[in-house]
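The structure comes first, and the notes follow.

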Amino acid sequence: MEMEKRLTLELRNKKPAEVKELVLDNCRSDDGKIVGLSSDFENLEFLSMINVNLLSVSNLPKLNKLRKLELSDNRISGGLEVLAERTPNLTHLNLSGNKIKDINTLEPLKKLPNLHSLDLFNCEVTMLINYRESMFALLPQLTYLDGFDADDQEAPDSDPEADGDGLDDEYDENGEGEEEDDDEEDELDEEVIDDEEEDEDDLEGEEEEDGVDDEEEEDEEDEDDDEDLPQGEKRKRDLEDEGEEDPEDEEDEEDD
């Protein structure tokens, strides 16, 4: 698909001034130049033109708000002074897979004071001796070159400026997570206490049952003993339990 037609499709009935992100990857450029893009895209912040067979960025319009420009897998070999003139607030530039051979070709990027990330993967310039040291010396405003800083520390996956609120969100999520953990612990403690109380009630119930059983056993033993006694002795014992005297004992006393 031609770049100009693709650009029309990407607009989707929007006005150019309403567009902040524009992706034109894998379309065809006329004679290796940018076609259809104008300064009417005054609020554009992200522009991607990967693998569109670009030879030059000379037709790039003035885009003062552009911050990130993706130009990888093209055939650009120079002419980068256009970027300094027309995208003065650029912070990220990806030129990976282009025809850049010499460090001097990148010298115009010195005029981009906010440029802190530059990618040159698969460019011949990366094969030069002391390539990284030379690049950081040429462009002191750079923080990351090919994904790593001057101390070989890897760059984060996303732009920290764009994700500044992410840390607060993460902190809030962790805080909520801790509260949830505390609630779960409280619930577990309550369940343990309830189980202990139930165990105590069960033990008390068992002790009461044991007491009743013991009394019943004693009564049964007394009844067994009464059954073994002779009839007279049994009657005498019953009377003694009731607090009465045996009539035979009273007659014996009268005879005396």
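## Terms and source

Contact means heavy atoms within 4.5 Å. This is a predicted model: local features need pLDDT of at least 70, side-chain atom pairs count only at pLDDT 80 or more, and totals for chains, interfaces and linings use all residues. Residues are numbered from 1 along each chain as its sequence is written, and side-chain values use heavy atoms, with hydrogens and water left out.

## The sheet

Six strands make up an open sheet. Their order is S1-S2-S3-S4-S5-S6, with parallel pairing. S1 and S6 (144–145) stand at the edges with a single partner strand each, so one side of each lacks a neighbour in the sheet. Strands are DSSP runs of E, at least two residues; helices are runs of H or I, at least four; both are numbered from the N terminus. Two strands pair if DSSP finds at least two bridges between them.

S3 and S4 (residues 92–94) run parallel and are joined by three bridges. Lys 68 stands opposite His 92 in S4.

## Ser 72

Ser 72 sits in the loop between strand S3 (68–70) and helix H2 (81–86). Its relative accessibility is 8%, so Ser 72 counts as buried (under 20% relative accessible area; exposed is over 50%, partly exposed in between; 1.4 Å probe, protein chains only).

Not counting residues up to four places away in sequence, Ser 72 touches Met 49, Ile 50, Asn 51, Asn 94, Leu 95, Ser 96 and Asn 98.

## Ala 17

Ala 17 belongs to the loop between helix H1 (3–11) and strand S1 (21–23). At 31% relative accessibility, Ala 17 counts as partly exposed.

Beyond neighbours within four places in sequence, Ala 17 contacts Asp 40, Glu 42 and Asn 43. Ala 17 and Leu 44 are 27 residues apart in sequence, and their C-alpha atoms are 7.6 Å apart.
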